[in-house]
Amino acid sequence: MSDTQAMFPALREVPLEAIERELDNMWREHNASVARGTSQAYSRNSVLTLVAFTQGPRHARQVLEAIHSLTVQHPSRAIIISADPADRGSGMRAHIGTYVAPDSSSYGEDLVVEAQTEAVRHLPGVVLPLIVSGLPSFLWWLGEPPWGSELLEALVDGCDRVIVDTSEMSHVARSVSALEDLMRRKKTRCAVGDISWAAQAPWRDIVAQFFDPPEAQPYLEGIERVVIEYAAGDEDAATNSSQASLFAGWLASRLGWRIDPAQKSGLDSSRQYTLRSAADSVIVLEIIARFNVAQRSWWEDPMSFGADAALVSPDGHRQDDVAWVRHGALMSVHLASRLGGPRATFAVARERDLMHATTLAQLPEGHVPSKTVHLQSVGEQAPLTDQLQELGHDVVYEDALTASALLLRSSARRGPA
Amino acid sequence: MDIATTSNPLRAGMRNTRTVEPCIMVIFGATGDLTHRKLIPALYNLELELPLPPQFTVVGVARRPFTNEQFRQQSLDSINTYSRNRPANPAVWETFSKGLFYHQSQFDDLEGYHRLAELLDQLDRERGTRGNRIYYLATPPSFYAAIADNLSTAGLAHRERSGGPDWSRIIIEKPFGHDLQSALALNRELNKAFKEKQIFRIDHYLGKETVQNIMVLRFGNGIFEPIWNRRYVDNVQITVAENIGVENRGDYYEEAGAMRDMVQNHMMQLLSLVSMEPPINFGADSVRDEKVKVLRAIPPLADGEIPLDTVRGQYGPGMIAGEPVQGYCYEKGVAPNSKTETFVALKLTVENWRWAGVPFYLRTGKRLAKRITEVAIEFKRPPYLLFRGTGADQMAPNVLSLRIQPNEGISLLFSAKVPGQEMRLRTVNMDFLYGSSFGVEPPEAYERLLLDCMYGDSTLFTRIDETEQAWQLVDAIERGWAKMPASSIPQYEPGTWGPKEADALIERDGRTWRRL
């Protein structure tokens with residue numbers, strides 16, 4: 001097995017069967033040091049259990065640091081599963097520790113369970129008993145889950161909510177479809193969440209705000225064209241349109257648009273769909289890749305840790321000189337609507353700094369001031385935080401996911417998205 | 001007043017399902033401290049985190065000859081100094097600042113209001129604010145009536161303009177009068193221009209997360225409400241203690257005293273939230289109906305009860321944290337022979353089915369031992385002491401304390417067995433700290449209250465009948481005090497918990513103040 005102890009110097013290895021007892025001991029030791037006056041008093045409060053499935057100790061360490069950044073808001077028991085697919089064998093080890101957020105009295109518990117390939121299938125029996133009773137439990141699966149596997153099914157059944165990130169999946173159409181299938185099958189036991197959905201919350205807020213004034217609302221029924229741009233890297237590299245598809249799915253499901261999967265044309269990276277409004281008028285939807293935008297996966301790049309405003313940095317400031325976004329991040333949304341007269345347009349586009357977006361709305365009725373919003377600050381501090389605050393089913397997301405899967409299914413027939 | 005809910009289908013499922021309509025917030029007293037420290041930072045935080053609609057506009061009104069640019073610079077300084085999201089984000093500030101304007105006027109100059117009306121009409125056309133107005137009176141209360149009158153005369157206080165959709169609201173800060181008569185007189189003046197549903201009386205205590213949580217604790221949990229009554233509760237203690245003196249507010253404090261400054265508003269709010277019956281829903285009037293009902297159940301103290309059930313005091317010179325501090329009478333703006341109270345302790349009763357026989361002890365003061373605001377529910381002891389000779393008879397009663405500030409949270413005192421062969425009991429404290437479970441910095445009270453006013457939601461604002469009822473209770477005590485000799489205002493040592501007479505007030509009932 002890999003040298004987990006070196007990766008997690010603050011943790012100590014304990015026998016698998018003694019995890020709970022050792023955690024209690026650590027708490028008692030801490031209380032004793034408080035009583036001696038050598039330590040500050042903390043509260044052992046928990047609001048949730050977070051089980052994170054990672055592909056090995058390097059990712060596990062990064063995830064643990066990410067969870068620590070959330071501890072101040074979500075003191076939790078974090079159970080990080082480190083399952084390196086290259087680590088052959090049948091061993092399993094546990095390491096535990098505690099974490100106190102800086103300038104806070106929040107006290108979190110860290111558990112890292114390292115499993116070699118042959119032991120992975122036994123993980124549910126180790127992990128599920130460690131979930132704190134009576135509190136919400138979350139399963140955060142980093143990367144592509146093994147759809148349909150016994151392991152995934154068992155862990156999902158043991159948690160209240162499963163969180164994935166479709167923007168980190170290589171086969172978007174297949175993954176979104178599998179996620180939608182999981183959502184339907186597990187509806188009564190477990191809710192499904194997507195970090196991509198949370199990451200685009202500011203965009204939904206901004207677009208919804210266009211239609212808050214009563215004079216603007218009728219234009220929702222007159223939408224005739226939607227153009228959604230998403231970030232892509234080099235033109236010959238794979239693109240990830242999950243965020244754009246999800247955004248389109250949100251519009252379609254909220255506004256009652258009908259999606260005919262056959263009505264699709266264009267390249268895989270830039271596609272055009274023909275949809276029908278509730279009044280049966282035609283809506284042209286374009287999902288377009290904007291190439292050569294710097295993208296990163298925060299958990300694949302240790303140096304990016306803390307710099308990814310979209311996930312872990314609550315203040316949203318970059319810590320390096322290069323502006324970048326999450327894979328497939330939304331770059332612009334443009335809606336055109338007509339109610340018999342002149343056309344109204346509603347647009348929001350990411351600024352060159354990639355951290356802000358500016359709105360532009362033009363209505364026949366009059367001028368609407370444009371505004372610039374800080375994308376990471378709108379709504380929630382971070383997409384993962386947002387997901388951890390959601391306890392039940394997010395019906396709006398689930399509708400959007402269903403619509404998005406429908407859109408992507410048409411792409412699936414014609415090759416990878 | 002209807003709360004701005006939305007028919008926008010894109011809002012479904014969003015955290016902010018309520019929407020802020022485009023509007024102009026006109027701040028009277030725009031160059032003053034409240035605007036500088038609280039209002040502009042609060043509006044910026046809302047813009048950054050919500051955000052506000054792009055049409056949202058602020059017009060600052062004050063006497064100083066500022067330009068728009070000077071007002072914007074002052075606002076930027078406010079944000080950079082006082083916002084919890086400081087410094088200002090340049091890109092967000094760039095568009096937010098374009099919605100900030102300044103209008104110079106005397107508050108009593110009608111011509112200035114006509115010019116203001118022209119400016120607001122122009123901004124409606126240019127920024128799409130649709131005639132919606134919020135007037136924030138961040139001025140001394142002596143200007144409230146004149147401003148409301150001039151707004152009305154200049155046609156700016158439209159009640160519901162010819163059936164149109166536009167609205168206007170006015171926000172005023174406490175104190176709402178200095179006694180019942182003046183409160184009623186002020187309200188009559190305001191009502192000439194605005195209907196009650198347009199008037200938002202701000203008591204920033206109600207914007208505090210932990211104050212709102214009193215209702216959540218009581219009505220969002222199943223375990224507390226069944227024991228929240230005379231059968232289980234022995235007494236309730238409400239403490240609002242400050243360790244600072246009157247600072248630079250001597251002039252104001254001379255008029256107000258602790259009774260008008262704290263008891264009439266903040267403490268009555270806490271008392272009503274703790275003792276009210278469950279509202280039928282969380283609507284503004286449902287909640288406030290219950291608050292008023294319980295205030296009505298508190299009988300004003302009769303003259304004969306006042307010497308027994310009230311104590312006032314005034315801090316003298318002394319030391320705080322090793323530093324000498326001057327007595328109240330030596331503070332700036334305070335008369336050398338002032339008889340204004342800086343400390344009040346009260347015993348009130350709530351005469352209804354739920355609380356009959358349960359005393360509510362209130363105490364507030366300046367230059368006390370520490371800064372703390374707490375509501376403590378002290379429960380009755382077990383009917384029979386099973387564990388005699390184990391220390392059980394020395395045990396503190398069960399106390400559920402709701403700490404409003406600092407260290408916001410809830411704690412429960414209960415007895416537990418000391419580990420060992422013998423049966424020994426000890427009181428232990430089960431503590432819940434907001435900072436531990438929800439470490440995120442809560443929004444400022446003003447952010448919540450300004451936003452609620454934009455929504456048209458007056459749940460967390462004080463209705464006139466609440467104010468009246470609180471004044472009736474306070475006036476009765478003030479009248480009683482006026483008949484008592486000045487010697488009945490004892491001095492207390494700074495850094496203590498007030499005069500010893502306050503201890504006597506509660507000890508007469510066989511109880512003691514909680515040691516905080």
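**View 1. Helices α5(B) and α6(B) cross in a left-handed way.** Left-handed means that the near helix is turned anticlockwise from the far one by less than a right angle. The model is predicted; local features need pLDDT of at least 70, side-chain atom pairs count only at pLDDT 80 or more, and totals for chains, interfaces and linings use all residues. Residues are numbered from 1 along each chain as written, chains are lettered from A and ligands numbered from 1 in written order, and side-chain values use heavy atoms, without hydrogens and water.

**View 2. α5 (residues 144-153) and α6 (residues 180-193) of chain B pack at about 15 degrees.** Their axes lie 8 Å apart. The two helices are therefore roughly parallel (angles under 35 degrees count as such).

**View 3. Residues of both helices make the contact.** Contact means heavy atoms within 4.5 Å. α5(B) brings Tyr144(B), Ala145(B), Ala148(B) and Ser152(B). α6(B) brings Leu186(B), Glu189(B), Leu190(B), Lys192(B) and Ala193(B). Six of the contact residues are nonpolar, one is polar and two are charged.

**View 4. The second largest pocket holds about 500 Å³ of space.** A pocket is an open set of points on a 1 Å grid where a 1.4 Å probe fits, with protein on both sides within 12 Å along at least five of seven lines. Lining residues have an atom within 4 Å of a point. Here they number 22. Nearest the centre lie Arg511(B), Thr512(B), Trp513(B), Arg514(B) and Arg515(B).

**View 5. Helix α14(B) gives the largest share of this pocket's lining, three residues.** The lining of the second largest pocket divides into nine nonpolar, three polar and 10 charged residues.

Note on methods:
Grid points are joined across faces, edges and corners, and a volume is the space filled by probe spheres set on the points. Helices (H or I, at least four residues) and strands (E, at least two) are DSSP runs, numbered from the N terminus. Ala, Val, Leu, Ile, Met, Phe, Trp, Tyr, Cys and Pro count as nonpolar, Asp, Glu, Lys and Arg as charged, and the others, Gly among them, as polar. Axes are lines fitted to C-alpha atoms, for helices over the stretch in contact, and angles run from 0 to 180 degrees between N-to-C directions. Angles under 35 degrees count as roughly parallel, over 145 as roughly antiparallel, 65 to 115 as roughly perpendicular and the rest as oblique.
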